[in-house]
Amino acid sequence: MTAPLFDGLLRYVEKNITPFHMPGHKQGKGILRADEIKENLFKIDLTELPDTDNLHNAKGIILEAEERAAKAFGAKKSFFLVNGTTGGIYAMMLATLHPGEKLLIERSCHRSSFSGMILAGANPAYIEPAVDWEDGISVGVTPESVERALLENRDAIAVMVTYPNFYGLCMDIKAIADIVHRYGKILLVDEAHGVHFKFHEDFPITALEAGADMVVQSVHKTLPSFTQSSILHVGSDRINIDRLIFALRLVQTTSPSYLLMSSLDLAREEVEEHPDLMDEVMRLSHLAREKLKDAEDIHVIDEDIIGQYSIVDIDPTKLVVNVKGLHMTGHEAEEILRDRYNIQVELSDMYNILSMITIGDREEDIIKLVDAVKQLKKNKENRVIPITFDYKIPEIIYNPRDASFMHKKKVPIVESVGKIAGDFLIPYPPGIPYVAPGELITTGIAMEIEELVMIGVEVIGYDKGYVTILDI
Ligand SMILES: Cc1ncc(COP(=O)(O)O)c(C=O)c1O
């Protein structure tokens, strides 16, 4: 064996696992023009040539494809991204904030937003998200909490929220956009999981429809494009396009892949020109929910959650099954589905498994998943720990950028009290950073973390009693 990565992938493919995970094309099954891609795979892996345009100075076929995308998504301008939504988030922040400027941001934002703040030198003021403790999920920020944060931080330049969350739960993005604009600020949205919303009337509204100023979407997650291909949209005149283009040039390679860029173009073409495909995704999503309705000891997060925790809508393609009632963790359920049924879900957490339904799925895949979930057997002994805790965002001593570049060391958690964190401490569930780099670790925080670890909660950043602090 001379190519362990490639050969490992081939071995994985041989297992013929039914994928309920990203990318949305599900190993090509969701790509209508897959045969043409296969035939031309090597030939279209090109570089900037007179005929092929240049992503960083688009004037030809790339610009044309981006303009079609802008029209399809309802944006003023759209930009193709070859470094995922991660790169788009960096560019969005760099184009909006000068170093030291304040960003109001959801505490449960994705890691890429923390990285973006490090690059942009932003000063965050965090907005606490609402949490659904029954399902162990951080659901997002409410319009009220956004308004409170705006009142307390008049100097903020912009607000950034995640919509929908990973589990497809949607807060009232329209109300949030209205509030942010009433205070004269810019709304940035990480819509990594909502790129498909535009293509069926029964999906939740899109962030652009709600009035967001800039939005980034991972096309590869829920539509049929290649991993890493994402898109950034500008929704209003509040954005300085020259600054944005400068930022995009900073964060993206000078050799963008034509395979990735053309797969963005193809995904847009496919869903725009074949609306029946999204009808089918909708039908399959509802079929799965219908079939799991009466299953014992599990519950699917469904429309009945609307109205709780300020949730206003859900994405039916994110099939979240809470397996607490089976006395097993979501991680155990994921393992059983993989080992016994050859099914791979997108993720599991302490209480849930999450399967993604996309254009790449067929009815037999859905039936296979549903039947397997229904066959999960209840454990006699209950291994699931009910968790709720209160947390307060700690005092910020250094912003993420300054903290990131300081010297750090690992110390036993008892010795971290009164010191400044050098890394995150994130309990799962619900995945909200308890502490971020640059924040003061208090006695209360250290005690709470130790208690959570003791009852079996996974805490990212806590390693066998040790945590990272700034060495200053
Ligand atoms: C909410 C959220 N934002 C951003 C990202 C980063 O997206 P990408 O993988 O396209 O860079 C992710 C990835 O999982 C995500 O879940």
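Predicted model: local features only at pLDDT ≥ 70, side-chain atom pairs only at ≥ 80, totals over all residues.
User: Into which domains is the protein chain divided?

Analyst: Domain bounds come from an automatic or database domain assignment. Here the chain is split into domain 1 (45–273), domain 2 (275–374) and domain 3 (400–470). The centres of domain 2 and domain 3, taken over C-alpha atoms, are separated by 33 Å.

User: In what order do the strands of the seven-strand sheet run?

Analyst: Strands (E, at least two residues) and helices (H or I, at least four residues) are DSSP runs, numbered from the N terminus. Two strands pair if DSSP finds at least two bridges between them. In this structure the seven strands make an open sheet, S2-S11-S10-S9-S7-S3-S4, with mixed pairing. Strand S2 (77–81) and strand S4 (123–127) are at the edges with a single partner strand each, so one side of each has no neighbour in the sheet. On average, neighbouring strands of this sheet are turned by 20° against each other, direction ignored. Strand S7 (residues 158–162) and strand S9 (residues 186–190) run parallel and are joined by five bridges. Threonine 162 has aspartate 190 in S9 as its bridge partner.

User: Which strands does helix H6 touch, and what angle does its direction make with that of S4?

Analyst: Contact means heavy atoms within 4.5 Å. Axes are lines fitted to C-alpha atoms, for helices over the stretch in contact, and angles run from 0 to 180 degrees between N-to-C directions. Helix H6 (residues 143–152) packs on the sheet and touches strand S3 (102–106), S4 and S7; the direction of H6 makes about 140° with that of S4. Helix H10 (residues 241–251) also packs on the sheet, touching S2, strand S10 (214–217) and strand S11 (230–234), and its direction makes about 5° with that of S2.

User: What is the pairing in the sheet of four strands?

Analyst: That open sheet has antiparallel pairing and the order S12-S14-S17-S16. Strand S12 (299–300) and strand S16 (347–348) are its edges, each with a single partner strand, so one side of each is left without a neighbour in the sheet. Two bridges link S12 to strand S14 (residues 318–322), and valine 300 has valine 321 in S14 as bridge partner. Helix H13 (residues 330–341) packs on the sheet against S16 and strand S17 (352–356), with a direction at about 50° to that of S17.

User: How many residues line the largest pocket, and which lie nearest its centre?

Analyst: On a 1 Å grid over the protein atoms alone, a pocket is an open set of points with protein on both sides within 12 Å along at least five of seven lines, whereas a cavity is a set where a 1.4 Å probe fits but cannot get out; lining residues have an atom within 4 Å of a point. The largest pocket is lined by 42 residues, with Ser108, His110, Phe166, Tyr428 and Gly431 nearest its centre. Helix H4 supplies four residues, the largest share of this lining.

User: Which domains contribute to the lining of the largest cavity?

Analyst: Domain 1 and domain 2 each give at least three residues to that lining. Among the lining residues are His196, Phe203, Met278 and Lys318.

Methods: Residues numbered from 1 in each chain as written. Heavy atoms only, no water.
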